[in-house]
Amino acid sequence: MALGLRCFRLAHPAFHNSFAALIRPVSEVTLKTVSGRQNNQRQYVAYQALPVRHFATKKAKAKGKGQPQTRVNINAALVEDIINLEEVDEEMRSVMETLKDNFNKTLNIRTSPGSLDHITVVTADGKLALNQIGQISMKSPQLILVNMASFPECTAAAIKAIRESGMNLNPEVEGTLIRVPLPIVTREHREMLVKLAKQNTNKAKDSLRKVRTHAMNKLKKSKDKTSEDTIRLIEKQISQMADNTVAELDRHLAVKTKELLG
């Protein structure tokens, strides 16, 4: 058989080249359609393929989402002349702590007098906590009273603050006495609290984006005196810190949602 192939090669060199191309791996051969037919068969000519660089398609990139990304862990002390990463981290943590505090104080199934203590009231003397200008007490399991006798001029502002506190409360006024009926714990009330929790979480994410943007803008000012590689690493570190905080915000929301829905 080897002798036959050798004779075939000598007798038909042109045909042999085409045959050799056809037995190459598909990745190395390109088939091009030639116009015209012979014996009712479409004709092809084989060419050696040029090397091709394959780029990731959108679909391929989408498949890569959720895969572990390369982590960056920059020593903050080494880049403190460029940006204070510890300060950025504290600002991001502050956003998270504010949300946790909001969840604990204002989003509870059963509202207690203490829940109203830190409602901020805008007065002529500035912003003051409700418990600084009013006497808060529990009249019954369904009613909280806020006595504004010491600061009667702040009564209207206190009512507005209670109504806009995000606690789903509708205060009523009798002179300087504010009556705050507590919502009955129904499925609708629970779902309303969950909706408020999501709104507060989205506000926290907006605050977090502002922290990240401020840090990135500050970093851009150092581009003239810092290498591109260093800038990229710091940018990746800041984005990583923000992503971690977002994940933590979402975790707290999930826990609070489960608690509220029961």
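This is a predicted model: local features need pLDDT of at least 70, side-chain atom pairs count only at pLDDT 80 or more; totals for chains, interfaces and linings use all residues.

Trainee: Is E80 buried or exposed?
Mentor: E80 counts as exposed, because its relative accessibility is 52% and the cut-off for exposed is over 50%.

Trainee: Which residues make up the negative surface patch?
Mentor: E80, D81, E86, E87, E90 and E91 form that negative patch.

Trainee: Now salt bridges. How many are there?
Mentor: The count comes to 10 salt bridges.

Trainee: Start with R93. What does R93 form a salt bridge with?
Mentor: With D89. The closest N and O atoms of R93 and D89 are 3.2 Å apart.

Trainee: How many residues apart are R93 and D89 in helix α4?
Mentor: They are 4 residues apart in α4, so about one helical turn separates R93 from D89.

Trainee: And how open is that pair?
Mentor: R93 is partly exposed, with a relative accessible area of 46%. D89 is partly exposed too, with 27%. The reasoning is that buried means under 20% and exposed means over 50%, so a value in between is partly exposed.

Trainee: What is the relative accessibility of R187? And the relative accessible area of E191?
Mentor: R187 has 45%, so R187 counts as partly exposed. E191 has 43% and is partly exposed.

Trainee: What about D206, which residue is its salt-bridge partner?
Mentor: R209. The closest N and O atoms of D206 and R209 are 2.3 Å apart. D206 and R209 are 3 residues apart in helix α8, so they are separated by about one helical turn. D206 counts as partly exposed because its relative accessibility is 37%.

Trainee: Okay, strands. In which sense do β5 and β6 pair, parallel or antiparallel?
Mentor: Antiparallel. Strand β5 (residues 135-140) and strand β6 (residues 143-147) pair over 5 bridges. The two strands form a hairpin, with 2 residues between them.

Trainee: Which other strand does β6 pair with?
Mentor: Strand β8 (residues 177-181). That pairing is antiparallel as well and runs over 5 bridges. One of the contacts to check is I144, whose bridge partner in β8 is V180.

Trainee: How many residues of β6 are buried?
Mentor: 4 of its 5 residues are buried, and β6 is mostly covered.

Trainee: Switching to contacts across the chain. Where is I109?
Mentor: In the loop between α4 and α5 (113-116).

Trainee: Buried or exposed?
Mentor: I109 is buried, with a relative accessible area of 19%. The call follows because the cut-off for buried is under 20%.

Trainee: How far apart are the C-alpha atoms of I109 and H189?
Mentor: They are separated by 8.3 Å. Along the chain, I109 and H189 are 80 residues apart.

Trainee: And K198, which helix is that in?
Mentor: Helix α8. K198 counts as partly exposed, at 46% relative accessibility.

Trainee: Last one, A156. Which helix is A156 found in?
Mentor: Helix α7 (residues 155-163). A156 counts as exposed, because its relative accessibility is 59%.

Trainee: How many residues apart along the chain are A156 and V173?
Mentor: They are 17 residues apart along the chain. The C-alpha atoms of A156 and V173 are separated by 8.8 Å.

Technical notes:
Residues are numbered from 1 along each chain as its sequence is written. Side-chain values use heavy atoms; hydrogens and water are left out. Two strands pair if DSSP finds at least two bridges between them. Patches are made of residues with over 30% relative accessible area and no salt bridge: like charges are joined within 9 Å, nonpolar side chains (Val, Leu, Ile, Met, Phe, Trp, Tyr) within 5 Å. Accessible areas come from the Shrake-Rupley method with a 1.4 Å probe; for residues, only the protein chains shown count as cover. A salt bridge is a side-chain nitrogen of Lys or Arg within 4 Å of a carboxyl oxygen of Asp or Glu. Lys and Arg count as positive and Asp and Glu as negative; His and the chain ends are not counted. The place of a charge is taken as NZ of Lys, CZ of Arg, CG of Asp or CD of Glu. Buried means under 20% relative accessible area, exposed over 50%, partly exposed in between (1.4 Å probe, protein chains only).
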